Amino acid sequence: MTRTTPARPVSVEAVFPELAPYRARTTRLHPRPGRPGVRDSHIGGPMLWPADEPWPLCHEPHPAEIQGYDPEEIRGARAAGVGPPGRPRSRARSAADHGPAPLVGLAQFFRRDIPGLGCGPGGTDLVQLFRCPFTHGPYLERRYHLRRRRAARTERAERLLAVPPRAPLLRWEDELPEPCVLHPEEVDTYPWAEGDTLPASLIARIDAWDDAQVAEHGPDAPSYQYDLSIPPGWRVGGYPSWASTGPMAIGCASCDTPMRLLLTADSCEMDGGSHSWTPLEDRDPLLKGRASIRGGVSVVRPTRLRFGRDRDLHVFVCPVESGHAPRWVLA
């Protein structure tokens, strides 16, 4: 089934013609629980991985957790609609956890499926995203890994990996992605209106318009940030959102070039303020607003993943030198 973003409650360029030069395209991925295959673009499904290639590992020290969640029990509990049981780690398992930890495959995207993904270095057209299942340091930082491939060459591998290394007991249930199929859709997007993302006079006009909308229509009135600029959820390209941090200048650590947003991973597909972006196919046509959303957790939190405290994970890449390391920004 396709997913269709409703028309915006207000034509943003009719209200703010100055935004026309800033209009860009972003691809909403619209993940929904399903059974993706190894050759599909997906979140949480099986990775296209040659059997003779080492699986990515995190070699940094990891904390010795005394309790965790078994991935298979998480899957069983989700299928039953209940919370997974936590279990203590055995001494043998705790000792093993001090070694390198297999990364958890979060997502893979083929250029043939995702408008706007673009080619990477050397004609690579497959992006794979991984995360260490453990946190690092006193600030509970995460470690991510980005792998880019040429899809056709990988698909011709003599053997593909059938089963990835077993993930260790996970600290939180939301470390494990729910397998999701994607329903890519391109939509218009405009910059976050704060700091120096737009001219100061235009941001002032946007703020004044938002205030006037609330004064006239109440708290459910449309606003620029929530309803007109950047859609929520997983998306490729477009503009970063800065709800938690405020705008940040993201430069390449190697050459200091301003970096390009590759993709955004979101903890939620919508929240109380961004529900106007909910696709038509996930709405009851007889109801309005938040009350019209149907599908429950499979629509609101389809991937079951969490990034920080329900923030966006922006993945930036260097536009000048493809070999430079990406940057991972929670915002």
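Predicted model: local features only at pLDDT ≥ 70, side-chain atom pairs only at ≥ 80, totals over all residues.

Arg-304 is not a glycine, yet its phi is positive, at about 65 degrees. Its relative accessible area is 23%, so Arg-304 counts as partly exposed.

**Another loop residue with a positive phi**

- Asp-256 sits in the loop between strand S13 (235–236) and strand S14 (260–266).
- Although Asp-256 is not a glycine, its phi is positive, about 70 degrees.
- Asp-256 has 63% relative accessibility and therefore counts as exposed, the cut-off for that word being over 50%.

**Helix H5**

- Take a look at H5, which covers residues 200–217: this helix has 18 residues.
- From its first C-alpha to its last, H5 reaches 26 Å, close to the 26 Å expected at 1.5 Å a residue.
- The buried residues in H5 are Leu-202, Ile-203, Ile-206, Trp-209, Asp-210 and Gln-213.
- If you look down the axis of H5, these buried residues fall within an arc of 120 degrees, so they line one face of the helix.
- What covers the buried residues of H5? Helix H1 (12–15) and helix H6 (224–229) are included in that cover.
- On the face of H5 turned away from the buried side you will find the exposed residues Ala-200, Ser-201, Asp-211, Ala-215 and Glu-216.

**The six-stranded sheet**

- Six strands make up an open sheet with antiparallel pairing, and their order is S2-S11-S3-S8-S9-S10.
- Strand S2 (32–33) and strand S10 (144–149) stand at the edges with a single partner strand each, so one side of each has no neighbour in the sheet.
- S2 pairs with strand S11 (residues 180–181) in the antiparallel sense, over two bridges.
- Within this part of the sheet, Arg-32 stands opposite Val-181 in S11.

**Arg-150, beyond strand S10**

- Arg-150 belongs to the loop between S10 and helix H4 (151–155).
- With a relative accessible area of 41%, Arg-150 is partly exposed.
- Which residues does Arg-150 contact, leaving aside its neighbours within four places in sequence? They are Gly-122, Gly-123, Thr-124 and Asp-125.
- Arg-150 and Thr-124 are 26 residues apart in sequence, while in space they are 4.3 Å apart, C-alpha to C-alpha.

Methods. Residues numbered from 1 in each chain as written. Heavy atoms only, no water. Helix = DSSP H or I, 4+ residues; strand = E, 2+ residues; numbered from the N terminus. Expected span 1.5 Å × (residues − 1). Buried < 20%, exposed > 50% of the residue type's maximum accessible area, 1.4 Å probe, protein only. Arc of directions from axis to C-beta. Contact = heavy atoms within 4.5 Å. Pairing = 2+ DSSP bridges.
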